Amino acid sequence: MTRLILASQSPARTKLLREAGIQHDILVSDVDEDAVQAHYGVTDAHDTALLLARAKAEAVAALPEAEGALVIGCDSVFEFDGESHGKPYTAEVARERMLRMSGSKGVLHTGHWLVDCRDTAADVDEDEPADGTGATVGSVSSAEVHFVEMTADDIDAYIATGEPLHCAGSFTIDGLGGAFIRKVDGDPHAVVGLSISTLRELLVHANVGITELWDAHE
C-alpha cells in the first residue's frame with residue numbers, strides 16, 4: 001500500500017485526513033519559517049503559503065524515514081487588508097488583528113506541496129517494477145472568510161482559551177473560532193489547513209488515486 005507522510009504537527013490537519021479515511025504517518029519538519037522567508041524575500045500571502053509548504057515537504061522528504069513514501073507539506077497564511085498574517089503567538093497581536101477583522105473578511109491561503117520519495121526506474125533493478133515518479137508539485141487552495149461582529153469581550157474570551165495564538169490569522173473554523181465565522185466562500189478544508197480535493201489533484205502527478213490511500217479499516 002502507498003504510504004503518505006504528513007509533514008506537519010497540526011492536529012487539525014491529521015484529524016481532517018483521518019476523518020477523510022486517509023491513512024498517513026506524521027513526520028515533522030524542522031524548518032525555520034522566518035529564515036526561509038528572509039532567504040527568498042518578501043512575497044504575497046499566496047506565494048508565501050506555497051513557499052513554506054514546499055520547504056516543509058522537501059525537508060521531510062530528505063529524511064531517511066521518508067524513503068518509499070509520498071510526502072505532503074502544508075502551510076497557511078491569512079491575507080487581510082493587503083497584509084500577510086501567520087500565527088500571532090501573543091495575545092496582544094491576536095487581539096489587535098481580531099479587532100480589525102471583526103465584521104470584515106479576508107482570504108486564507110493554504111499551500112500544499114507533494115514530493116514522491118518512492119523508487120523510480122533509475123533507482124531500482126531493471127527486473128523490479130518502480131512506482132515512483134519523482135514528482136515534486138504544489139498548489140494553493142484559497143477561501144474567503146467572512147467574520148461576524150465580535151465584541152471586545154468575545155475576543156478576550158477567545159484569546160484566553162489559547163486557541164487563536166497558534167493559528168494562521170488568529171482563528172480556526174473547526175474549533176471555538178467557528179462561532180465567529182459567518183460564511184466561507186471557497187474550499188472550507190483550505191481554512192482548516194489541508195484541502196482534500198487539492199491533495200487528490202496533486203496525487204495524480206504521482207500516478208496515485210486518492211482512493212488508494214483510504215483505510216479499509218476506518
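Reply: Happy to. Helix H4 (residues 91-101) packs with helix H5 (residues 152-160) at an angle of about 145 degrees, and their axes are 10 Å apart. Axes here are lines fitted to C-alpha atoms, for helices over the stretch in contact, with angles running from 0 to 180 degrees between N-to-C directions. Helices (H or I, at least four residues) and strands (E, at least two) are DSSP runs numbered from the N terminus.

Me: Before we go on, what sort of model is it?

Reply: This is a predicted model, where local features need pLDDT of at least 70 and side-chain atom pairs count only at pLDDT 80 or more, while totals for chains, interfaces and linings use all residues. Residues are numbered from 1 along each chain as its sequence is written, and side-chain values use heavy atoms, with hydrogens and water left out.

Me: Thanks. Back to that pair: is the crossing of H4 and H5 left-handed or right-handed?

Reply: H4 passes H5 in a right-handed crossing. The near helix being turned clockwise from the far one by less than a right angle makes it right-handed, and anticlockwise makes it left-handed. On the H4 side the contact involves Ala91, Ala94, Arg95, Met98 and Leu99, and on the H5 side Ile155, Asp156, Tyr158 and Ile159. Contact means heavy atoms within 4.5 Å.

Me: What is that contact of H4 with H5 like by class?

Reply: It has seven nonpolar residues, two charged ones and no polar ones. Ala, Val, Leu, Ile, Met, Phe, Trp, Tyr, Cys and Pro count as nonpolar, Asp, Glu, Lys and Arg as charged, and the others, Gly among them, as polar.

Me: New topic: H3. Which residues of H3 are buried?

Reply: Ala45, Thr48, Ala49, Leu51, Leu52, Ala53, Ala55, Lys56, Ala57 and Val60. Those buried residues pack against strand E1 (3-6), helix H2 (33-40), strand E3 (69-80), strand E4 (83-85) and strand E5 (105-116).

Me: And how far apart are the end C-alpha atoms of H3?

Reply: They are 24 Å apart, which agrees with the 24 Å that its 17 residues (45-61) should span at 1.5 Å a residue. The expected span is 1.5 Å times one less than the number of residues.

Me: How do H2 and H3 cross?

Reply: Their axes come within 10 Å and cross at roughly 120 degrees. H2 and H3 are therefore oblique to each other; angles under 35 degrees count as roughly parallel, over 145 as roughly antiparallel, 65 to 115 as roughly perpendicular and the rest as oblique. Their crossing is right-handed. H2 brings Glu33, Val36, Gln37 and Tyr40 to the contact, and H3 brings Thr48, Leu51, Leu52, Ala55 and Lys56. By class that gives five nonpolar, two polar and two charged residues.

Me: A lysine in there! Is Lys56 buried or exposed?

Reply: Lys56 counts as buried, at 11% relative accessibility. Leaving aside neighbours within four places in sequence, Lys56 is in contact with Ala7, Ser29, Val31, Glu33, Cys74 and Asp75.

Me: OK, over to H1. What do its buried residues pack against?

Reply: The buried residues of H1 are Ala12, Arg13, Thr14, Leu16 and Leu17, and they pack against E1, strand E2 (25-26), E3, helix H6 (188-192) and H7. Thr14, at a relative accessible area of 12%, is buried and touches Leu6, His24 and Ile26, not counting residues up to four places away in sequence.

Me: What about Leu202, which residues does it touch?

Reply: Leu202 is in helix H7 (residues 196-204) and counts as buried at 4% relative accessibility. Not counting residues up to four places away in sequence, Leu202 touches Ile72, His112, Leu114, Val137, Gly138 and Ser139. Leu202 and Ile72 are 130 residues apart in sequence, with 9.4 Å from C-alpha to C-alpha.

Notes:
Buried < 20%, exposed > 50% of the residue type's maximum accessible area, 1.4 Å probe, protein only.
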